[in-house]
Amino acid sequence: MSKPAAEEQPATKVVTPQSLVTEEEVKAALRLDKGSDALLKSWSMVDFTKKGDNYGCVVSSVQVQYSLNQENMEVVYIAKLNPCRHVKEFKEMTSVMFRKESEFYLNLVPELNSVLTEVGQKALRFPKCFHGCMDKTKEVILLEDLRPQGYQMFDRRRGLDVAHITLILKELGRLHASSRLLQAKTPDQDLAVTHDFLVPDIVADESMGLRDVFHRQLDQSIELLERFGGYERSIAWVKSLKLEFVQLLTKHLGRSKYNVVCHGDCWNNNVLFRYNDDGEPIEVMLLDLQINRLSSPATDLIYLMYTSLNGEVRIPNLNTFLDTYYDTFNTVMEAAGMDMIFTRSELLKEFRSMNVLGAIYAMMVVPFMLLEPEDTPDMDKAENMEELLMEVKEKTLIALDKNPLVKPRFLSVFDEMMDLGLIP
């Protein structure tokens with residue numbers, strides 16, 4: 001007697017970031033963008049980014065065909081998607097980051113723009129957000145597509161020049177100042193209460209699982225310095241940082257006497273630029289608000305300066321950069337008839353007090369961001385944090401031999417910290 005045929009098991013549906021987008025979400029974005037009379041006809045996912053462009057999420061696009069007033073039309077939305085990674089340490093962090101960004105765009109930005117326009121200032125330069133789904137493991141954010149307006153990313157492997165960094169600093173000044181205007185509307189109620197998503201800090205919170213990542217990156221920095229040679233003082237200093245690392249992050253990323261709403265992750269890849277016919281940057285858009293926080297404005301300035309600038313640009317121009325930021329911040333405060341919250345000298349003092357944070361950010365980000373796209377670790381294939389960190393280390397060390405940008409960019413930070421006396 002022959003055996004009965006085995007019952008066929010239903011195929012397991014493979015969940016990809018792109019598969020998280022649903023028709024209902026596309027309809028919701030279309031409604032908010034084009035109005036309730038817009039009728040969805042069809043839609044499709046169209047990928048356009050490359051390796052190394054994004055780390056905390058997957059970015060794709062949704063091409064939408066719709067009709068409005070009996071006319072057939074098309075619109076494209078940028079989709080930020082849960083990356084569906086296997087590494088368990090990323091799961092809770094991803095949930096927190098998507099909530100922070102979605103609520104920032106949908107709830108906080110309209111309030112910040114309202115207080116700015118009340119005093120005759122322009123709205124902040126963020127893309128419009130049309131939808132946010134925060135269902136755990138299914139997070140999706142749908143945003144305005146800025147490409148038709150000519151916005152593009154600046155090559156992350158090149159340090160930003162004076163023209164590019166000036167645009168970013170001015171916009172950070174407006175963002176920070178607008179949050180002071182908004183706080184003044186409710187002086188007895190802290191912004192972190194009315195907008196509680198500002199409180200969880202991905203970087204400083206030990207429960208997010210990044211402590212081991214940071215320790216590994218410090219170890220990698222030590223190995224890089226050993227390979228370069230001549231940096232024994234810096235090596236000893238980095239080793240000492242490991243002993244008080246969590247306390248340093250908690251101290252510098254926590255609340256301060258100059259609290260403002262901070263971007264939290266303002267570096268080269270999280271801004272877009274629009275250029276004139278001569279190739280000069282004329283406008284900037286801030287993106288990727290997944291690590292926003294309420295903290296000192298210096299946390300944003302330090303992060304930007306030490307992740308996205310070469311030492312030859314940062315060091316001689318630092319005072320000018322801080323003046324640019326200060327002047328923009330002050331312009332907003334004056335328009336509202338409010339006093340400036342710090343003097344120029346107090347801003348420089350606050351910045352310098354966080355130089356250790358700048359060095360830490362450089363060690364965390366610079367070697368990784370200078371990798372060629374084809375050398376960027378595949379974060380989607382890693383099964384655990386150990387495997388991912390090993391791949392990051394291997395590819396970073398290999399990059400030293402073929403990427404001339406790594407050594408000067410990395411070492412300029414330690415040269416600066418020694419000149420400042422931070423490294424004894």
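Author: Before we start, a residue here counts as buried when its relative accessible area is under 20%, as exposed when that area is over 50%, and as partly exposed in between; please also keep in mind that this is a predicted model.

Reader: OK, so is Val-162 buried, exposed or partly exposed?

Author: Val-162 has a relative accessibility of 39%, so this residue counts as partly exposed.

Reader: And where is Val-162 found?

Author: Val-162 is found in helix α3, which covers residues 162-185.

Reader: Which residues does Val-162 touch, leaving aside those up to four places away in sequence?

Author: With those set aside, Val-162 touches Val-313, Asn-317 and Phe-321. As for Leu-309, 147 residues away along the chain, its C-alpha atom is separated from that of Val-162 by 9.3 Å.

Reader: Switching topic, at what angle do α7 and α11 pack?

Author: Helix α7 (residues 245-253) and helix α11 (residues 355-369) pack at about 120 degrees, and their axes are 10 Å apart. The two helices are therefore oblique to each other, and α7 passes α11 in a left-handed crossing.

Reader: Which residues make that contact?

Author: On the α7 side they are Phe-245, Leu-248, Leu-249, His-252 and Leu-253, while α11 contributes Val-356, Leu-357, Ile-360 and Tyr-361. Of the residues in this contact, eight are nonpolar, one is polar and none is charged.

Reader: Zooming out, how many helices and strands does the protein chain have?

Author: The protein chain has 13 helices and nine strands, and buried residues make up 54% of its 424 residues.

Notes
Residues numbered from 1 in each chain as written. Predicted model: local features only at pLDDT ≥ 70, side-chain atom pairs only at ≥ 80, totals over all residues. Heavy atoms only, no water. Axes fitted to C-alpha atoms, helices over the stretch in contact; angles between N-to-C directions. Helix = DSSP H or I, 4+ residues; strand = E, 2+ residues; numbered from the N terminus. Parallel < 35°, antiparallel > 145°, perpendicular 65-115°, else oblique. Left-handed = near helix turned anticlockwise from the far one by under 90°. Contact = heavy atoms within 4.5 Å. Nonpolar A, V, L, I, M, F, W, Y, C, P; charged D, E, K, R; others polar. Buried < 20%, exposed > 50% of the residue type's maximum accessible area, 1.4 Å probe, protein only.
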